[in-house]
Amino acid sequence: MREGLTARPKRLPAWLFYDEAGSRLFDAITELPEYYLTRTERGIFLLASDEILARAAEGARLRIAELGAGSADKTRLLLQAAIELQGAVLYEPVDVSASALEGARERIEREIDGVTVTPRVMDYTDGDGSRLHFGPVDCGERRLVLYIGSSIGNFEPHQAAKLLHRVRAGLRKGDSFLLGVDLAKEDSILLAAYDDAAGVTAAFNRNLLVRLNRELDAEFEPEAFAHCALWNEEESRIEMHLKSRGAQRVRVGALDLTVEFAAGESIHTENSYKYRPGQAEALLTAAGFCAEATWTDARGWFAVCLGRAK
Ligand code: AVJ
């Protein structure tokens, strides 16, 4: 936090959004009329989950790992398709948060018959170069790793490439990887999705400051910062910023630091990369996967790509 708040331009990491309040705000975002991502990907799974599972399995038995604690009913659609295909399924959510994993385990085992959940606590974004440890599979079984919801969008392209390499290194030949990416589209649609009329995304963004106040004994006045979303065409990403409405100084007690803001100066809080057609496939190929198939919605707004470890 010290590094980000003293950098020029100032920045904070996007993972910081997801404390309890932030996770609740994100859930609310996924239901906003402007935030098409979750709904669109879910629509793809509604139509294609049987086909996706069959393609991944190629007749073998699948176990399904997911990067992130699969809170959403999107994962549910894939798990249900797996149960139809093979009777029962082992689901291995991977997350840094043990409590999020426990919640996911409890909910999924209660709601879906035939799923056994074996959570794995791990920071999959961390540990440059080392492979992800998924643990062994049974003889004749294959693993399918899910990384859906455009979560990869928060990573710079080189970080995304590195993460995919680490996933690939943790898999065996024939295993597969399902990647969900948001696609570049008309900027008015993108901007509305990150600056909704009800102000939920603004609250989500400002919640970072609320969290710093609580956890680092900071004295931010959240309303003294404007929520700002912009489309960076060159980098093909939506950026979120918190823009200081005036010149101000903010004390961060736990860091023994006073942060100075000029009027209009901002903290860069998130990048959300929007992929060009073919880009996700290229990323998979470069990481040692064969790009097997891609599913999109009718408008071409979101893509789900299946890669097979080769
Ligand atoms: C959870 C990273 C997919 O980038 O769309 C939603 C987070 N930020 N609104 C995204 C987010 C602002 C979201 N991801």
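In this predicted model, the side chain of Tyr35 places an N or O atom 2.5 Å from an oxygen atom of the ligand.

Next, a pair of helices. Helix α2 covers residues 20–29 and helix α8 covers residues 200–215; the two pack with their axes 9 Å apart, at an angle of about 160°. Angles over 145 degrees count as roughly antiparallel, and α2 and α8 are therefore roughly antiparallel to each other. The crossing of α2 past α8 is left-handed. On the α2 side, the residues in contact are Ala21, Gly22, Leu25, Phe26, Ala28 and Ile29, and they meet Val200, Thr201, Ala203, Phe204 and Asn207 of α8. Sorted by type, the residues of this contact between α2 and α8 are eight nonpolar, three polar and no charged.

Two points in the backbone remain. Most peptide bonds are trans, and most residues other than glycine have a negative phi. The bond joining Arg8 and Pro9 is a cis peptide bond, with omega about -10°. Pro9 sits in the loop between α1 (2–6) and β1 (10–11). Glu58, a residue other than glycine, has a positive phi, near 45°. Its place is the loop between α3 (36–57) and β2 (61–67).

Notes
Residues numbered from 1 in each chain as written. Predicted model: local features only at pLDDT ≥ 70, side-chain atom pairs only at ≥ 80, totals over all residues. Heavy atoms only, no water. Axes fitted to C-alpha atoms, helices over the stretch in contact; angles between N-to-C directions. Helix = DSSP H or I, 4+ residues; strand = E, 2+ residues; numbered from the N terminus. Parallel < 35°, antiparallel > 145°, perpendicular 65-115°, else oblique. Left-handed = near helix turned anticlockwise from the far one by under 90°. Contact = heavy atoms within 4.5 Å. Nonpolar A, V, L, I, M, F, W, Y, C, P; charged D, E, K, R; others polar. Polar contact = N/O pair within 3.5 Å; in protein donor to acceptor, adjacent residues only side chain to side chain.
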